[in-house]
Amino acid sequence: MNKILRNRVAYMVFVVPALVLYITFYLIPLFKSLQYSVTSWDGITAPVYNGVDNFIRALSDEKFWVAFKNNIYFVLFSVFIQVPIIIVVSILVSGVKRLLDFYKLTVFMPSILSTASIAVIWQFIYSPDAGLLNQILKAAGLETWTRLWLGDEKTAFLSVLVTNGWQWTGFYIVLVLAGIFAIPKEILEAGEIDGAVGWRKAWLLTIPLIRPVIVVTMLLSITGAMKALDIVLIMTNGGPFGSSEVMATYMYQQAYALGDFGYANAIAIIITVFTAILSLIYHLVNKKTSKEAEY
Amino acid sequence: MKKSLTLLMIVALMGMLTLAGCSGSSKPADPPKESGGTTTPEPEKAESFDVVIRHINVRDTAKAMLKQLEEVSAATEKEVPGLKFKLDGVEDTVNRDVKLKAEMTSGTQPPLFNLFGGDDTIKYAKAGRLLALNDMLTELGIADAFFNLREFTVDGKIYGLPESGYIEGFFYNKKLFEDAGVTVPKTWDELLAVCEALKAKGITPIAMGDGSGDGWVANMLVNSLFVGLGGPALQDGFATGATKWTDPAVVEALKRVQDLKNKGYIDPNVLGLKYSQGQANFYTGKAAMLFDGSWAANAITGDTSTVKDVSGFFRLPDVGGPGDGYINGGWSNGFGVSANLKENELKAVKAFIKNWYNVEQQKRSLIESSRIPAMKGVSNVEGATELVKSLGESQGSAKGAFPAFDALVQKSVKVTLEQTVQELLGGKITPEKAAERMQQAQEKAIKEGK
């Protein structure tokens, strides 16, 4: 092993291809985007340099902040509603003695479907007349609860969040389950002998022991929420009247509906920066609490 | 050392291969030269080549149109040795807003493609991506054969050819009208009375799907209304600032649309439905009227329609303004040709245009796909449906036609109106406020020049 590490040629053989891919598909687009973000460009004619105008415009653009706010809702929903559900369900499933594979498979199913299919399926579920949800409500005598789920600004974004949650919960549950099953039996047994059973066991033993998995789950949820595009684009396309817009769909609209590629690139850069900041904050908070957890 | 050099080269090669995979237009190496050295030329054995035709006939309702296109391209292949057409169908908005736009940016547009007139054509022509067709049209003798090429003409050069025309107005279900004891309304008040009678019968008067990305649907009605109330000159002046969105005619138009919604005449689910769902509510007999373009005739007379034989068409009733009698119509969608064509590709394109743009094909698409002709001289339309005939009558009896407003204003204004009218239908904004916001968006667009 050491010999290979010292052999520079072999080193390069392994590293260069990955580096080339990384540069081609990550760094070059990022810097191109940065370059276009300081221009006024319609995507066809030559870009005109306009300094930081696009960034100033974004920061004073009301609609951009609506989109940003929705991204934050997305993050909060993921972290404070989805993740707890994931942990609770995982602990429940991990305690099941029979049909474990069946449960695992059932919860995992939605995440193997493509987002596009899921978005279309749920569009049918939310459909005003023939939609499953309104039909069920009507059948249950809750006629007054029926809504134009995706056409009402009060419910549109929430409906999208629920769909997104439905899609990804299973994936994370399987991730967390793997963490739970990796806990050495001896520790749990020792805990049980000391009297930790039921929720006490979960809270004092299982959760602290799967902490690394939960940390990853949360990080993936946060970055996933910040860059969400496809599900919103298909289900509501930002509507009604821009109330369910997220930053990525707003960027998409600027580029492809309005042909303002310079501004769209600026928004792309802002999304990158915001996501990096949020991840950093999360990282710091996590580091701090993990130190506390050691004592 | 030698060994390491070889390894380095392998690495470099791998890198290059990875990159080569990215370029979309990897050209094949030179064609294999004939060996043997004899100089006898092979007669008429042209090298085979592919020409892509980008079209938008992908929906089930456009099947007849696709078949027609397939037959014409097959016939053209026989005329040009070595030619093979590749039909590339892409959904219309995806093609217009994403795919073609991206191709235009990089200059990799297909030789022949579906193109919209107005703003799109102007932009692409200025970027030098479109071929001016004036000479070709003269050569083929069809320079004067079209009704109107205005939307495809930039500085006297013609950059596209419309396939068919359109008009916008109300489709209606004759049977439901009969059941409710009403007839085709001639004035706005009569329209309101018709709606009331239908509603009393438990029938949704006007079907409409204006949800999510389909905000343009309601604007067809808004457009016809403000032109009816303010006259065609009103919308011509928006883009330059000569007229304003705060004009009383626009406010009144917005008021009337909101009124239709508030009284329950427009489907209450309008914001939860997509364009196609709104259309379906009409052609499955759930709603009595649909404000739509003549292209909808295809769906209304299609296989899944239950109102095939009972549907008719009338233009917007008189609303009491200088625009009464005018109809929203034009010829704004067709084919454009790429500016960078090889000689043989140009030959193929020319042959296709000759075969596609003639009275015979125009007549066929009128009868089979209910498309309004873009070329003069179509007569004897036996076999056309009743609906198509009433479309023809509406077009013929109108005082004149005006283009859709989005061909005249900046794109950002179009998008603002879409969101604003959605808010109007949702009861979130008053007509006055909506008009003010439109004017602000318009002024901003004029200032920024986009």
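Colleague: In which helix is the place of Asn95(B)?
Modeller: Before I answer, this is a predicted model, in which local features need pLDDT of at least 70, side-chain atom pairs count only at pLDDT 80 or more, and totals for chains, interfaces and linings use all residues. Residues are numbered from 1 along each chain as its sequence is written, chains are lettered from A and ligands numbered from 1 in the order in which they are written, and side-chain values use heavy atoms, with hydrogens and water left out. Helices are DSSP runs (H or I, at least four residues), numbered from the N terminus. Asn95(B) lies within residues 92-106 of chain B, which form helix H3.

Colleague: Is Asn95(B) buried or exposed?
Modeller: The terms go by relative accessible area with a 1.4 Å probe, protein chains only: buried is under 20%, exposed is over 50%, and partly exposed is in between. Because its relative accessibility is 2%, Asn95(B) counts as buried.

Colleague: Which residue does the side chain of Asp267(B) meet in a polar contact?
Modeller: Asp267(B) sits in the loop between helix H10 (248-262) and helix H11 (275-283) of chain B. A polar contact is a pair of N or O atoms within 3.5 Å; within protein, one must be able to donate a hydrogen and the other to accept it, and residues adjacent in sequence count only if both atoms are side-chain atoms. At 3.4 Å, the side-chain partner of Asp267(B) is Asn281(B).

Colleague: How many residues does chain B bring to the contact with chain A?
Modeller: Contact means heavy atoms within 4.5 Å. Chain A gives 41 residues, and the number from chain B is 34.

Colleague: About how much area do chain A and chain B bury between them?
Modeller: Buried area is the accessible area (1.4 Å probe) that two parts lose on being put together, summed over both. Carbon and sulfur atoms carry 67% of it, and the whole is about 3,000 Å².

Colleague: Which residues of chain A lose the most area to chain B?
Modeller: Together they make up 24% of what that side buries. They are Ile44(A), Phe241(A) and Tyr256(A).

Colleague: Which residue does Lys428(B) meet in a salt bridge?
Modeller: A salt bridge is a side-chain nitrogen of Lys or Arg within 4 Å of a carboxyl oxygen of Asp or Glu. The rule finds one across the interface of chain A and chain B. At 3.2 Å, N to O, the partner of Lys428(B) is Glu153(A).

Notes. Helix = DSSP H or I, 4+ residues; strand = E, 2+ residues; numbered from the N terminus.
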